[in-house]
Amino acid sequence: MIVPNDAELDAIARATGERLLAARQMLVTAESCTGGWIAKAVTDVAGSSAWFDCGMAVYSYEAKQAMLGVNPHTLEIHGAVSRETVVEMVSGALVHSGATIAVAVTGIAGPGGGTEDKPVGTVWVAWKRRGGYPRAEVFHFEGDRDAVRRQTVAAALRGLEHQLA
């Protein structure tokens, strides 16, 4: 995957915003490895208040539990970087917001933190519409911390298009 620059992320965020506005959807983000970058990308777009509700940066286990309702057992058994956790994150984001569509991300941006099973660049992204079922996908991005995070923001926003289709 090509690492998007600022202009490319801005273009993706603008296109996402246009689709959300046309579909009359309000977005919430739940972010771990991106630390709020998805929310920043969308709020850099003028007029985003018409389609962006809120964002939550949830790095710690405690924040994931308190702000999103992630089950401690899920974190103990599967870890923060897992399909199970990201699905609970995306569902919790909808429960704890006024949004109608959500995206959640959790991963290992590096440079440390990777393991043999979950190397640096492993990122889970989930999307869900209110009343619908979550969709989750794992990505294996390459590059340094910035590159992994940029690719994650782009993948998260592009995945919203699938949800809006």
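Start by selecting helix H5, residues 83-95: its 13 residues should span 18 Å at 1.5 Å a residue, and its end C-alpha atoms are 18 Å apart, which agrees. The expected span is 1.5 Å times one less than the number of residues. Helices (H or I, at least four residues) and strands (E, at least two) are DSSP runs, numbered from the N terminus.

Before going on, note that this is a predicted model, in which local features need pLDDT of at least 70 and side-chain atom pairs count only at pLDDT 80 or more, while totals for chains, interfaces and linings use all residues. Residues are numbered from 1 along each chain as its sequence is written, and side-chain values use heavy atoms, with hydrogens and water left out.

**Stay on H5.** Colour by burial. Thr85, Val86, Val87, Met89, Val90, Ser91, Gly92, Ala93 and Leu94 are buried. Buried means under 20% relative accessible area, exposed over 50%, and partly exposed in between (1.4 Å probe, protein chains only).

Select alanine 102, in strand E3. Alanine 102 counts as buried because its relative accessibility is 0%. Now pick alanine 126, in strand E4. Alanine 126 is also at 0% relative accessibility, so it counts as buried. From alanine 126 to glutamate 88 the C-alpha distance is 9.2 Å, although they are 38 residues apart in sequence.

**Select helix H6, residues 145-164.** H6 has 20 residues. From its first C-alpha to its last it reaches 29 Å, close to the 28 Å expected at 1.5 Å a residue. Of those 20 residues, 15 are buried, so H6 is largely enclosed by the rest of the structure.

In soluble globular proteins, nonpolar side chains tend to be buried together.

**Move to the ring pair.** Rings of Phe, Tyr and Trp (its six-membered ring) pair if their centres lie within 6.5 Å; planes under 30 degrees apart count as stacked, over 60 as edge-to-face, and the rest as tilted. The count is 1 aromatic pair. In phenylalanine 139 and phenylalanine 141 the ring centres are 5.2 Å apart and the planes at 10 degrees, so the pair is stacked. Both phenylalanine 139 and phenylalanine 141 are buried.

**Open the largest pocket.** On a 1 Å grid over the protein atoms alone, a cavity is a set of points where a 1.4 Å probe fits but cannot get out; a pocket is an open set with protein on both sides within 12 Å along at least five of seven lines, and lining residues have an atom within 4 Å of a point. The space in the largest pocket is about 200 Å³. It has 16 lining residues, and Val81, Gly107, Ile108, Ala109 and Gly112 are the closest to its centre.

Glycine 110 and proline 111 are joined by a cis peptide bond, with omega about 5 degrees. Proline 111 sits in the loop between strand E3 (101-107) and strand E4 (122-129).

**Finish at arginine 24.** Look in the loop between helix H1 (6-22) and strand E1 (27-31). Arginine 24 is not a glycine, yet its phi is positive, about 55 degrees. At 76% relative accessibility, arginine 24 counts as exposed.

Definitions and conventions. Grid points are joined across faces, edges and corners, and a volume is the space filled by probe spheres set on the points.
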